[in-house]
Every structure is written in structure tokens, then in C-alpha cells.
Amino acid sequence: MREAWLPLAVLLALGAAPLLGFGGSYETTLMARVMILAMAAVSLSFLVGGAGLVSLGHAASVGVGAYAVAILDAHNVTEATRVLPAAIGAAALFSLVTGAVAIRTSGVHFIMITLAFGQMAFFTASSLAAYGGDDGYTLYSRTEVWGSRLLGDRLAFHYVCLGALALTWALCAMLLASRFGRVLRAARENAQRVEAVGLSPYPFRLVAYVIAGAIGGAAGFLLANATEFVSPAGISWQRSGELLFMVILGGVGRLWGAILGAVAFVLLETWLADHVAHWKMVFGPLLVLAVLFLKGGLSGLVVRRHG
Amino acid sequence: MAEPLLRLVDLRKHYGGLAVTDGVSLDVLPGEIHAVIGPNGAGKTTLIHEITGVVRPDAGQVVFAGRDVTRLSLPRRVRAGLARTFQITSVVPGFTALANVALAVQARSGSSFRFLRPAASEAATNTAAMDALAEVGLADRAEVPAGALSHGEKRALELAIALATKPRLLLLDEPLAGAGPEETERLIALLTRLKSAYTILLVEHDMQAVFALADRVSVLVYGRVIATGTVADIRGNPEVRAAYLGEDEA
């Protein structure tokens, strides 16, 4: 864990930022986006780097969580003790059903089938006319916590997101170190070996997929509350690709790399969008260069310098 | 005669018109090393796949410890006590030697669906894993990543993994394949040590090794067992000489 000083410093900086004059609406909105996407990226990194399941549909579980908030909001259910379990549960269920099929495949087939399920979720969301269809749905208000408007408070929401991110990292790290995680990691490297000691990788991979989906659902819950708006765009395969990119940019081998990846991705994207007219023309090549020259990602860079 | 531990009853497998396993019947008795030899293309690999559950035979039975396992998957056969090693070494390269064996230990002791405690800190698991490593002479290499071990060490590690599953039968698929002369010598010494404690089905190309280790030998040619007997029987059998040994001399 000694090599994880940078992500710890990042978390610390995020915690201190509102106290150091970065507590304005613009800054906290940006930081919330970073933290929530980092949370989704860490759970994806758990899948990709831990279990070897390269999902190109992870945004779908985030989207399912976000839509759970929107749909319940439309029916006047805005209490977190009901909305959050619903968001997590819906995303976990979605992951269970799609994962049960997808995990029977591997490699490129797995990527394509998760992409396909993601697009199914995307088009389903687009067709939900009662909840905004293509245009998306604006929440009446943020989710309440035992009747209080806690999440409406900028500062409180900031720390909820930070706590959720830290918890996600700790949870995924714990899982990977456990017996369960050992089977996942072994099966990623050599599934035949795992079978030859008497274990079938399938149920382990499925449980991992459901856990990652559940965390994605929690991230979706936060994302819906952060923007007070939910739309199919958040489920699109581009978003899944962005999440995967954050993982790769941060370094596939380390969970916390995804935190660095998310921070770098969102900040770069925001800065370029503010300063360069056709910023995507610059952003794209930069990402390609990063993948080409940062072997092991940003986290690999950090570890190498201190290793 | 004791009840056989593994019994193959009239196994058959066709690929198109080709009978790869053509009515193989074979018994492995408790405590013996039973070797299966045969020229290339005799169907040894398919036979192993049928015994381990990778390939399902078209007809016939695989009976292990009195139980019909013909329809069980590979992991379930392993849990029943049928451990194997691979012709091409199969370890988890990124794990240490110890973690490779610990994976096998945890697979047979308690559920692997445990999420809270770090697996690496389980003292009982590590102790059992160290014992298996010591049994194959790898105790001092426990913390080395498996990918960094030499070929012979990987072979030994694979044996340790198999032993850690507490098998009733060890199925060794060409354990000497790809080993140099020195490594071969060391592996034969290791197998000789294991011989007293385990029942082994040995599929091997190296005739010297087979004749040195085996109690009984079955000769597989074109999917059929043409002879089964002691090493002396097999050496003296004219049919075997014609089919196999003669070919070797030619």
C-alpha cells in the first residue's frame, strides 16, 4: 500500500479542497463528477484488472442506477433509504441477468456482448417516453435522507461522494485480497489452472460482475443527484468507453490507478473544452499517445519512480 | 485383487470417421503406478481428456473410486480426488509459488466465497501449502513468482499444486516433456519418492522413465489398448515390439 501515496493524496486533496477556497458551485460540481466517475472506474478496474472481464457496458449499470432515481422521483419516491437500495438493486439485477449470459463468453466476444447489452439499455432508456425519452428527465429535487435535504447541501454532497469513492476503493481492494479475489485473479491469468484445482471460475466471475454492477448503480444514484438530470447519453457506449479509458489511462494492474485515470481524464477534458475550440481533435490524439507511451498507465509511472 | 481406484470401461470417442478412443478398458489399482504409453497419434491426449472430463466419450464409463464420473465436469472430478498435471505446464505465472499452492489448498478446505479476510494471511492455508512445496523440494522458492521459476521447478510446482488438492489419484500427463537430462533425473527421483504415497496414472513418452517407475504398463495404439502388464511383460510382448518399440528402434 506504500506505493498508493498519490491516490491517497488525491483523496486528501479532494477532502481539503472545499476548505481551501475551492468550495464554489463550479468547483464542487466538477469535483463531484470526478469522484463519481472515479467510483465507477474503480469498480470497472476491479472487473478488468482483477477478474479479467473487459466490459464495454459498464455505463449501463451506472445508467440503471441513475434511471432508478429518476423513475422513483417521477412517482414521488425521493427517500434515500428506498431510492439507494433500489438503484443498487436494479443495477445488480441487471448485471446478474446480462452477466449470466455474457460471462459464458470470453475475450472479444465478452467485450461485444457487454457492448450489446449496454446498447439495449441505452435504447430502452431512449424509449421511456414517460421519463423523458431521448431528452432525458429532470429530477424535481435531490434525494432526501430521512426527510432532510442533506444531499442538496453542496458541501455535504461533496463529502458523501468522497466517502463513497473511498469506500469503493477499500471494498474492491478487500475483495481482491480475499479468497474470492484470489480465485478471480488466478482465473484471469490461467482459468485452466483454477479448474484443475477443483473450482469453476464462472460463479466467481458472475459474483464479481454483479458486485461491480452494484457499485456502478450506487455511482449512478450519485450521478443523478449531482446533475439532477438523467438521460440516455449517460448509458451510451461512449460513456462505457470513457470509463474503460480511465482504467487503462490509470493502469490496469492497480485499482487506484482508476482514480488517477478519472481525475486526469475529467480535468483534461474540462480544460481542453474551455480553451480549445475543436478540443476533441486534441483530446483524442492525447489519449492515444498516453496509451502508447504510458506503459502501466499513470499508476505505473508513479510506482516506477518510487520503486 | 483390490478394487480398482480408476476404471475405464469400453470408452469410445469418434471424430468423424476416426475412432480416437476405440473401446479402451483399463484399471488403475490403489497404490500402483500405471503407465500408459503409445506412439504419437495413439490417442493418449484424448484419453486423458476423457478421464479428466474435458472431453465426453461417445460411449463407455469412467468409474472413479466406485462412482461413475463420466458426466462430471473437470472441477468436480478434482474435488472427488482426481488431480492432474498438464503436458504443457500450467501455473499462475503472476502468483508466487506459495500462492499457487495455496489456491489449491483453499479450493479443498472451506468455501472460496469468502470476501473479508486477506487470503495471504491465512496461516493454516499457508502452512498446508508450504508442506506441499516441501514435499517436492521447492520450500526455498516459495516467494518466487511462478513465472520466474525454471522449467523443472514449474513441473515440480505443478506437482505440489496437485498434491495440495489431497488427491486419491494423480494423473500425470507427460511430466518429463521438455525437461533437460538433469531436470529429468531430478523429476524421476521426485516421482520415485511420491510413488510410495500415491496412486499414479502416468502418461509418458520417455520409455526409460516409464520402465523405471511403472508397476504396470498399458500400451495404446490407434485408440486401442493392445497390451497391459508388468514392465517385463511389455518388454517381451512381440505385438508391442512391432507396434511401438520396433518403431522406436527404427
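**Contacts between chains, domains and helices**

Mentor: The centres of domain 1 and domain 2 of chain B, taken over C-alpha atoms, are 26 Å apart, with domain bounds from an automatic or database domain assignment. This is a predicted model, in which local features need pLDDT of at least 70, side-chain atom pairs count only at pLDDT 80 or more, and totals for chains, interfaces and linings use all residues. Residues are numbered from 1 along each chain as its sequence is written, while chains are lettered from A and ligands numbered from 1 in the order in which they are written.

Trainee: Which residues does the assignment give to each domain of chain B?

Mentor: Domain 1 covers 1–81 + 167–250, and domain 2 covers 93–165. Their contact takes 10 residues from domain 1 of chain B and 9 residues from domain 2 of chain B; two residues are in contact if their C-beta atoms, placed from the backbone, lie within 7 Å.

Trainee: Why are α11(A) and α12(A) called roughly antiparallel?

Mentor: Helix α11 (residues 257–275) and helix α12 (residues 279–293) of chain A pack at about 150 degrees, their axes 9 Å apart. Angles run from 0 to 180 degrees between N-to-C directions, along lines fitted to C-alpha atoms over the stretch in contact. Angles over 145 degrees count as roughly antiparallel; the two helices are therefore roughly antiparallel to each other.

Trainee: Which residues of the two helices meet?

Mentor: A:Leu268, A:Glu269, A:Leu272 and A:Ala273 in α11(A) meet A:Trp279, A:Val282, A:Phe283 and A:Leu286 in α12(A).

Trainee: How many residues join chain A to chain B in contact?

Mentor: 19 residues of chain A contact 28 residues of chain B. The largest share of chain A's side, 6 residues, comes from α7(A).

Key:
Helix = DSSP H or I, 4+ residues; strand = E, 2+ residues; numbered from the N terminus. Parallel < 35°, antiparallel > 145°, perpendicular 65-115°, else oblique.
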